Amino acid sequence: VVFIMALFFRFNMIPYYQSVAGFYSGIGDLYLKADDYLSATEYYKLSNIYSGTSHRANYALASLEKRNGNSPQEITFLKQAIGKNPTEFAYANLASKYLDEKRYFEAAFTLQDGLEKFPENGELLNNIGLVYMEMENVDSAFYYFQRSAQYDKSVDESAANLYALLRLQDLTIKADTLEVLWDKVNYLASANNLVVLANQLDTKLDEKLAVRFGDPDNEKIEQLIYNYNKSLNNPWIVDTLYQQNLRAFYDSSNTSWFQDNLNFSSALALFQQGSIASSFQILSHLAIQNPEKEYYNLLGKLSTKLGAHTLAIDDFKNAFQNGQLEVAPDLAFAYMENGELGKAQFIWSQILQNGDSVNSSVAVKMMKVIEAKDISQILNADAETKFSFLNYRLREFDLGKLEGLVVSLENEDLQALGFVKLIQANLELGQVKEALELLEEVGKLNISRGDVLDAINLAQCQYAYQVKDKEVMQRLYSNLKSTDIMVSGYLELFRNMENPDSKDKQTIASSFKTMALNNPFFESGVLEAVRYFNIEMNDSDQAYEILLASVRINPFSIELNKSYAMQCLDQGLKSYALDTKEELKAMMPSVMFATFEREFMKKMAITDAESSNW
């Protein structure tokens with residue numbers, strides 16, 4: 001007894017204090033179980049008085065301070081918790097707090113200490129990989145993620161983080177390697193990161209994990225992010241059923257989280273599928289609901305791509321007025337495309353005064369393009385400036401003289417694009433012979449860029465359509481393959497125009513209608529559909545509906561509005577026709593409008609006479 005008491009006092013009564021500390025920790029646990037956090041806190045603190053290194057009490061106090069949002073005290077208690085008999089979770093939580101506060105070195109040192117005690121713990125290896133990823137120490141992050149992936153408990157998380165590292169650092173990965181990894185993945189976070197990688201590499205992945213919409217109140221955000229990423233990877237999954245499920249998912253709950261993101265990805269997918277009207281409807285709704293976000297800017301870029309430059313101006317102006325000042329160069333280019341050089345010049349002058357070095361450099365070139373009085377003033381400029389002059393000043397100069405400017409471009413891809421611009425200008429003037437000669441010149445060039453090939457294919461289609469050469473249209477439809485929206489539109493149009501046999505009329509009419517309603521920016525397709533319904537199907541009501549739907553999406557199209565005004569006269573909608581005529585007066589050059597007005601008034605007189613006779 002004397003010997004035991006001697007040892008007891010030799011170690012400062014530590015066994016006694018530890019037993020008392022354990023007693024108070026136990027009472028604290030009971031109060032914690034009863035959700036009495038205040039009493040639990042007091043008993044844990046009493047436990048700490050008797051044993052400041054008690055892991056249980058300090059860890060519990062850290063958890064309570066986390067609940068109260070007291071980060072400094074939480075860190076203090078977590079540090080005390082790892083003082084004696086620590087757990088892996090204590091090290092991980094302390095490092096996580098340091099990471100939240102961007103105290104990267106303290107987080108790394110804490111995890112290194114943890115790994116000295118628990119060298120085979122996959123979660124700690126994964127966490128230290130995350131710390132090094134935040135510090136942009138790619139090699140160390142890779143090393144620890146790979147070590148963590150060797151353990152079953154952490155393999156999924158570490159693999160997801162490894163793929164995220166590849167994505168964030170823009171590290172190259174072969175497409176076949178990506179597909180091998182995809183075959184093995186079954187964890188949603190890993191799948192998300194792999195799909196993002198695939199999108200960056202423009203690689204389509206198989207439909208392995210389901211794109212679905214479950215219970216709105218319990219659905220994981222990871223699933224919705226996967227739906228978003230996968231719809232970008234494979235636009236064709238955004239079908240009618242997908243749209244219905246998306247609407248039902250949000251209609252059946254009070255939450256709207258992530259809805260805009262999924263609608264946005266749906267709009268992009270629909271655009272890639274060729275459902276341009278549906279895409280624009282979704283994006284326009286998003287832009288109206290969220291004017292401060294990037295939607296107006298994106299609408300402007302898409303309108304530019306589709307050649308609807310007045311609509312692009314409208315969208316870029318909306319973006320600019322809502323604080324997105326970075327769209328100023330796009331707005332200036334849209335004005336130049338539309339022939340409004342004075343407005344473009346004012347914007348470029350403002351960019352010169354207030355813009356960054358990159359935009360200011362572009363502004364200098366564009367000011368030179370706008371201010372040049374003659375082709376000779378641009379001949380010694382760089383290729384970009386010469387091509388810009390050709391592109392934006394095309395309406396002002398003799399096309400034959402501009403051909404010499406194209407030839408002076410040393411880059412054959414740029415030469416081809418220059419010839420395409422001249423071909424399109426000649427076709428607008430009805431000069432098909434000159435357009436054909438230029439097409440033959442383009443055929444002699446060596447083309448390396450895919451976008452240039454698309455432009456050439458489009459010019460071929462426009463020529464074939466204008467001359468109505470069925471043999472050429474058939475050849476293009478049979479041999480030409482393209483993912484370009486406008487080229488695909490012409491190929492579908494040629495297919496519809498190929499066989500007007502009466503037994504196929506209903507099928508052809510359905511195809512015409514789908515084509516027109518899908519892409520109101522493909523004006524030739526819309527006008528051919530209207531002609532088919534008016535003449536071949538004797539269904540002027542359907543023709544009117546097609547035009548009405550088209551001008552709602554593409555409201556500044558001169559050709560569509562002209563056709564709509566005439567169709568309104570046919571339908572007896574005289575007031576609508578007159579309103580549209582007045583709108584056209586503001587859109588068209590005076591000489592062109594005068595010609596249209598004569599045709600309009602002549603048709604109105606005929607329809608008035610027919611109405612009076614009836």
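Biologist: What makes Ile237, Val238, Tyr242, Ser265 and Ala269 contacts of Ser231?

Modeller: In this predicted model, a contact requires heavy atoms within 4.5 Å. Leaving aside neighbours within four places in sequence, Ser231 is in contact with Ile237, Val238, Tyr242, Ser265 and Ala269. Ser231 itself lies in helix α13, which covers residues 221-233.

Biologist: Why is Ser231 called buried?

Modeller: Buried means under 20% relative accessible area. The value for Ser231 is 0%, so Ser231 is buried.

Biologist: How do you know whether Leu246 is buried or exposed?

Modeller: The same cut-off applies: under 20% is buried. Leu246 has a relative accessible area of 2%, and therefore counts as buried. Its place is in helix α14, residues 240-251.

Biologist: Which residues does Leu246 touch, not counting those up to four places away in sequence?

Modeller: Leu246 touches Phe213, Leu262, Asn263 and Ser266. Leu246 and Ser266 are 20 residues apart in sequence, and their C-alpha atoms are 9.6 Å apart in space. The contact rests on heavy atoms within 4.5 Å, whereas the 9.6 Å is C-alpha to C-alpha.

Biologist: Why is Asp176 called partly exposed?

Modeller: Partly exposed lies between the two limits, under 20% for buried and over 50% for exposed. Asp176 has 48% relative accessibility, so Asp176 counts as partly exposed. Asp176 is placed in helix α11, residues 175-184.

Biologist: What makes the patch of Asp176, Glu179, Asp183 and Asp206 negative?

Modeller: Asp and Glu count as negative, and the patch is formed by Asp176, Glu179, Asp183 and Asp206. Patch residues need over 30% relative accessible area; Asp176 has 48%.

How values were computed
Residues numbered from 1 in each chain as written. Predicted model: local features only at pLDDT ≥ 70, side-chain atom pairs only at ≥ 80, totals over all residues. Heavy atoms only, no water. Patch = residues over 30% accessible without salt bridge, like charges linked within 9 Å, V, L, I, M, F, W, Y side chains within 5 Å. Areas by Shrake-Rupley, 256 points an atom, 1.4 Å probe, with all protein chains shown as cover. Salt bridge = Lys/Arg side-chain N within 4 Å of Asp/Glu carboxyl O. Charge placed at Lys NZ, Arg CZ, Asp CG, Glu CD. Helix = DSSP H or I, 4+ residues; strand = E, 2+ residues; numbered from the N terminus. Buried < 20%, exposed > 50% of the residue type's maximum accessible area, 1.4 Å probe, protein only.
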